[in-house]
Amino acid sequence: MAKPVDTRTAGRKPVTKATRSAAETEKIRAALAARRDELNAEYDQTLSEITELQRDRLTDSAGDDQADTGTKTFEREQEISLANSIKERITQVERALERLDEGGYGWCERCGNPIPVERLAAFPSATLCVTCKQLEERR
């Protein structure tokens with residue numbers, strides 16, 4: 001009986017991963033760590049603002065009608081969504097740091113091809129090459 005063919009790797013040339021110098025790795029690590037620290041500061045600031053706004057809303061809700069209540073709920077949900085978005089970006093950067101430690105940073109997780117330097121410069125926590133990302137977005 002024939003083995004099933006893995007369509008993700010069928011017909012693909014094996015790619016050998018080039019090693020980066022220790023200086024290049026440290027430069028990337030420093031940039032990713034700096035980005036993570038910026039995002040953590042932004043996240044903390046956002047949480048602080050949400051807490052302050054919540055406090056203000058609780059003391060200023062007397063006499064609110066349904067429209068006021070709906071507006072406040074909508075604004076609160078947007079603020080929480082923003083905080084969750086920042087937290088997701090922090091997670092992506094932390095994952096990029098893990099991939100850097102493991103030697104997989106800069107290589108597409110789906111096809112194994114190198115991710116172009118330009119893409120990594122624009123989106124340092126990218127895990128997919130442009131082609132694979134385009135295929136993912138079409139789905």
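Predicted model: local features only at pLDDT ≥ 70, side-chain atom pairs only at ≥ 80, totals over all residues.

Trainee: What average pLDDT does the protein chain have?

Mentor: pLDDT is the predictor's confidence in each residue, from 0 to 100. The protein chain averages 82, and 83% of the residues score at least 70. Over residues 1–16 pLDDT stays under 50, and the model has eight contacts beyond four places in sequence for that stretch. Contact means heavy atoms within 4.5 Å.

Trainee: How many helices and strands are there?

Mentor: Both are DSSP runs numbered from the N terminus: helices are H or I with at least four residues, strands are E with at least two. The protein chain has four helices and zero strands.

Trainee: What span does helix 2 reach?

Mentor: The expected span is 1.5 Å times one less than the number of residues. Helix 2, residues 66–102, has 37 residues and reaches 53 Å from first C-alpha to last, close to the expected 54 Å. Gly-103 follows helix 2 and has a positive phi, near 90 degrees.

Trainee: Which residues of helix 2 are buried?

Mentor: Buried means under 20% relative accessible area, exposed over 50%, and partly exposed in between, with a 1.4 Å probe and protein chains only. An α-helix has 3.6 residues a turn, so residues three or four places apart point the same way. In helix 2 the buried residues include Ala-83, Ile-86, Ile-90, Val-93 and Leu-97. The buried residues of helix 2 pack against helix 1 (22–59).

Trainee: Which residues touch the most other members of the largest nonpolar core?

Mentor: A nonpolar core is a set of buried Ala, Val, Leu, Ile, Met, Phe, Trp, Tyr and Cys residues joined through side-chain atoms within 4.5 Å. Of the 20 residues in the largest one, these are Leu-32, Tyr-105, Cys-108, Cys-129 and Cys-132. Helix 2 supplies the largest share of this core, seven residues.

Trainee: Where does Arg-119 lie?

Mentor: Arg-119 lies in helix 3, residues 117–122. A salt bridge is a side-chain nitrogen of Lys or Arg within 4 Å of a carboxyl oxygen of Asp or Glu. Lys and Arg count as positive, Asp and Glu as negative; His and the chain ends are not counted. Arg-119 is buried yet has no salt bridge, and Glu-137, the nearest side chain of opposite charge, is 6.7 Å away.

Notes. Residues numbered from 1 in each chain as written. Heavy atoms only, no water.
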